[in-house]
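I opened the model and looked up a few places in turn. My notes are below the structure.

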Amino acid sequence: MNHALRNFGSGSTAILLALIGTVLSTPAAGASEPAASAANRAFAPVGFLVRTNYHRWANSLLLSNGRVEAVIVPAIGRVMQFRFAGEEDGPFWENRTLDGMKPEPGSAEWGNFGGDKSWPAPQSDWPKITPRAWPPPVAFDALPVEAKVYGFVVRLIAPVDPHYGIRASREIKLDLERPVMTITTTYEKLTGQPLNVAVWVITQLKDPLAACASLPDFERFREGYYRQSDDLPANLTVENGLLSLARDPKASHKIGTDAGSLFWVGKDSVLRIDSPREILGEYPDEGCSAEIYTNPDPLAYIELEMLGPLNKMIAGDRITRTSTYTLLRRTEVDPELEVRRLLSR
């Protein structure tokens with residue numbers, strides 16, 4: 001039994017799990033099915049969606065397709081984990097020192113909870129639009145969000161940001177047949193002056209063996225990347241269309257690329273994030289559609305960041321960006337060979 005199921009004791013939860021299992025594993029009425037196929041279906045993964053108390057955050061959501069599962073925490077507006085079904089942990093970095101804490105929108109210190117979230121790009125515009133350059137705009141990062149459930153889909157709806165006049169929403173769903181999560185992020189401009197904005201999705205991940213970017217055939221940047229920190233990341237290489245780097249425990253580093261796919265390679269698993277670059281359109285940060293940030297000790301994490309093109313938004317406008325997350329077991333000893341194998345599929 002999945003470890004998460006042991007956290008739920010209500011009759012309604014048990015009924016919900018039974019109903020979802022029946023729907024996903026039972027053929028339609030009147031349909032004929034070979035015995036072998038029926039036997040296979042009996043052992044197929046079963047999906048479910050339940051509410052839970054996750055690390056002391058009440059009303060969190062656990063979404064599973066039987067292969068992978070996502071943990072969604074509306075109290076802090078984040079997808080906090082994406083992992084193999086039945087496992088206690090996954091590749092997303094979580095700051096366990098902040099378990100159960102509430103975001104503080106008025107604080108000068110950033111509530112660095114971890115997980116996956118979205119901020120408006122470019123960051124260089126924050127001090128022009130909001131009262132501060134850092135932390136991020138409050139409604140995008142430091143306020144609880146509303147969670148609505150539509151069958152096997154969760155939608156997170158943030159309050160309207162008081163400075164951007166934008167309401168962000170995120171739709172999270174799992175593929176019923178594959179170890180894939182899709183998050184569609186939408187910005188809706190409701191009030192205020194026109195602004196040039198792009199959707200920016202930040203995924204914080206544990207210290208990897210390697211972080212990689214798949215570069216396009218015709219690269220925008222002469223060296224394959226755009227330097228965003230004084231020093232380059234550790235072990236940075238660019239070879240045959242693949243950029244690879246490691247985390248430096250002593251200093252932070254960041255680079256930008258024109259990639260549409262980023263990879264996190266851990267000891268036993270690999271996470272792929274896809275958000276294809278649009279051929280036309282102006283991108284933030286001198287044309288970057290994908291960025292990698294590495295954080296020094298004691299918080300050992302990296303960020304894989306996907307950006308959409310800039311749009312001049314007026315009241316009534318919407319922009320949307322979709323990221324696809326695929327979690328797989330490692331099959332190659334060498335991290336770069338692992339990534340190249342996935343790119344060749």
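Set-up. I am working with a predicted model, in which local features need pLDDT of at least 70, side-chain atom pairs count only at pLDDT 80 or more, and totals for chains, interfaces and linings use all residues. Residues are numbered from 1 along each chain as its sequence is written, and side-chain values use heavy atoms, with hydrogens and water left out.

Strand β19. I took helices (H or I, at least four residues) and strands (E, at least two) as DSSP runs, numbered from the N terminus. Seven of the seven residues of β19 (301–307) are buried, so the strand is largely enclosed by the rest of the structure. Buried means under 20% relative accessible area with a 1.4 Å probe, protein chains only. I found β10 (195–206) antiparallel to β19, with seven bridges, and threonine 203 opposite leucine 304. β18 (290–294) is also antiparallel to β19, through five bridges; six residues separate the two in a hairpin. Strands pair if DSSP finds at least two bridges between them.

Aspartate 161. I located this residue in the loop between β7 and β8. Its side chain reaches the backbone nitrogen of tyrosine 164 at 2.9 Å, and a polar atom of that side chain lies 3.1 Å from the backbone nitrogen of alanine 139.

Helix α6. I noted Pro335, Glu338, Val339 and Leu342 as buried in α6 (335–343). Seen down the axis, the buried residues fall within an arc of 95 degrees (directions from the axis to the C-beta atoms), so they line one face of the helix.

Methods. Buried < 20%, exposed > 50% of the residue type's maximum accessible area, 1.4 Å probe, protein only. Polar contact = N/O pair within 3.5 Å; in protein donor to acceptor, adjacent residues only side chain to side chain.
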